[in-house]
Amino acid sequence: MAGVPSKLRYRPFNLGRWLTWGLTALVMVVLPQIFTQGYAITLMSQMGIMIVFALSYNMLLGQGGMLSFGHAVYSGLGAYVAVHILNLAGAGKIWMPLSLLPLVGGLGGAFFGVLFGYVTTKRAGTTFAMITLGIAVLVDTWATMSRAFFGGEQGVSTDRVIGKPFLGITYGPGVQVYYLIAVWCLVSMALMYAWSHTPLGRIANAVRDNPERAEFIGYDTQRVRWFTLIISAFFAGISGGLSTINFEIVTPDVVSLSASGGVLLATFIGGIGFFFGPILGAVVFSFFAVALSNYTNAWQFYLGLFFVLMVMYAPGGIASIIVMQLQLIARKRFWRIAPHYLAAGASGLVLLAALILTVEMTYQLSENSANGTVMNLFGVNFDCAKALPWAVAVGLWIVGGILFNLARQRVARVWGEIQTELLQARA
Amino acid sequence: MNAHALELKAVSKSFGNTAIIRGVDLAIAQGERHALIGPNGAGKSTLFNLISGRYPVSGGKILLNGDSITGLKPFEINRKGLSRSFQITNIFQRMSVFENLRCAVLWSLGYKYSFWHQLKELKDANRSAEEVMEAIGLKGRRDTPAGVLSYAEQRALEIGITIAGGAGVILLDEPTAGMSRTETADAVELIRKVSQGKTLIMVEHDMGVIFDLADRISVLVYGELIASDKPENIRGNQAVQEAYLGTEAH
């Protein structure tokens, strides 16, 4: 049986994969039927846009090993191209169905990917990161100078309801926009997943791991990086086009450094080592940016802190934490460590309460002092100028700190035991 | 194909004021197995780096199958049919053995920068990768990440990646360095097998390996070729003996 693989490897119909994609699609369809409030629809729409953006960013960071500080340049310029085309279509000057507008954004992003990417991808590593930062600053400045294209500080507004309704779809109601975003999100996800299994996608991994050897198997590593960036910029542009439709306004903020920083945060929090990592990251990030920002002006502080903790203690992101637990479950060890997780989680909540109390009281005293010192947190009214709330905060810090430290040691010990067992079982 | 597989004409290389390679002339015939030997620091690896485009030459010309490859980049030289291995293992550590080899066949099969093919559908690439994997004896390690292979296995994979693209001229830099006696014997058999019908140039220290494999031997000392001849003539060459045994005062 020479030449025949020992086991069947090429499955034309991969049941697990179809199930995963089918379930993802089902969740996307069903969610707005469960959470029907306008606020939930807004949140989910932004999650969908961010998923596309974060996945496109991970083509660079995770797959290609390119740390970019300026990825919002491509989504943002894509959004601007889309908004101008939409306005032309709205004025009846060109024909353009709204459903296809994200594609316009994608082509816009790809165009600037060809242009800027040619410069940035000349080098890899730190130099690449520096040049992307330079390009980001450049475009950010350009946005304040060129009013015709960027619309000055107030940006460019638009109206997404154009043309005649098709099958009753006007794209006026938020839920219709959500479904448009969901379709584009699903298609983009599938295409980006497929890309990671193409020759270019695999060679991008090779260039990430060992650029020198890639040159000696026939690949021009500059080209590999450039082409990867163009495709990544295309999908970033699609997310930009979707945001144009969703917000009906594009302001220079979309090309800002903080937008570029946001996608880096989201992607890293989710985990760059797995395809689904950035999807989780995008969901968490949108939750911070959309939901949490309704409750506290310090949401960026919490996000930043969360990011720092992830980088320090779980550099593989949420995805790697999940995958590690799945491995424990598969080897029937999860239930042994689960109680310790629970203890760590509970004591972690105490620490979180201490953190929130401290941050919100500080915020009330400094930024929000015009509104007095009486504030409401978790349904309790209190005066943060008094000593008692601060004493409570200190108490929570101490108790939470001690308990969490104990629980953390337990988790580490049991984790170590389990790993040793698994290693011995393998040997 | 009357041209030499590889021809070096007065090739030189200096780093700053230090001349490492001093006017090397060398012609290697099609299908020849050629060994490059010399004391440590003679410039053997540097010469490989010049031929494969890792470093630019300071002077002289390099011809591959009669065409100049002087000044070309590594990937351009590779596409013209020259492939090399490295003295220090240089593989894709995080990828599986199979993925390493599949990456190495993609360009030569014409898939280039394709983002419209799915890898699992590429029957020719998958078959080639499987064949090379079989040839280098790593079939049982198909899905193992290259970084966790044993040293000898990594050296075999290093050779596998080098030959997978089907290059006609193969440069192997110390393929058996650091190997045990049995591992070396296996490696020699592997090299003999995979260099069938190809031109092979290897840097090697193990004289057993050299006299076993090489049709001709070149001796490089302080960046100069002092001899290039058949093994039996090299063995009796006075200058070579002096260089190796150090009878010449320096």
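**A chat about the pocket and a buried helix**

Modeller: Happy to. In this predicted model, 40 residues line the largest pocket, and those nearest its centre are A:Phe306, A:Leu309, A:Met310, A:Gly348 and A:Phe404. A pocket is an open set of points on a 1 Å grid over the protein atoms alone, where a 1.4 Å probe fits, with protein on both sides within 12 Å along at least five of seven lines; lining residues have an atom within 4 Å of a point.

Colleague: Before we go on, what are the ground rules?

Modeller: Residues are numbered from 1 along each chain as its sequence is written, and chains are lettered from A and ligands numbered from 1 in the order in which they are written.

Colleague: How do the lining residues divide into nonpolar, polar and charged?

Modeller: 30 are nonpolar, eight polar and two charged.

Colleague: Which domains does the lining draw on?

Modeller: Domain 1 (15-299) and domain 2 (331-426) of chain A each give at least three residues. The centres of these two domains, taken over C-alpha atoms, are 34 Å apart.

Colleague: New topic: how many residues of helix α8 of chain A are buried?

Modeller: Nine of the eleven, with buried meaning under 20% relative accessible area (1.4 Å probe, protein chains only). Their cover includes α2 (38-63), α7 (174-195), α9 (211-215) and α10 of chain A, together with α3 (97-106) of chain B.

Colleague: Why does A:Arg202 count as buried?

Modeller: Because its relative accessible area is 11%. Beyond neighbours within four places in sequence, A:Arg202 has contacts (heavy atoms within 4.5 Å) that include A:His197, B:Glu99 and B:Arg102.

Colleague: Last one: what pLDDT does chain A average?

Modeller: It averages 92, and 97% of the residues score at least 70. Over residues 1-11 of chain A, though, the pLDDT is below 50. Where pLDDT is low, the predicted coordinates should not be read in detail.

Key
Predicted model: local features only at pLDDT ≥ 70, side-chain atom pairs only at ≥ 80, totals over all residues. Heavy atoms only, no water. pLDDT = per-residue confidence, 0-100. Domains from an automatic or database assignment. Nonpolar A, V, L, I, M, F, W, Y, C, P; charged D, E, K, R; others polar. Buried < 20%, exposed > 50% of the residue type's maximum accessible area, 1.4 Å probe, protein only. Helix = DSSP H or I, 4+ residues; strand = E, 2+ residues; numbered from the N terminus.
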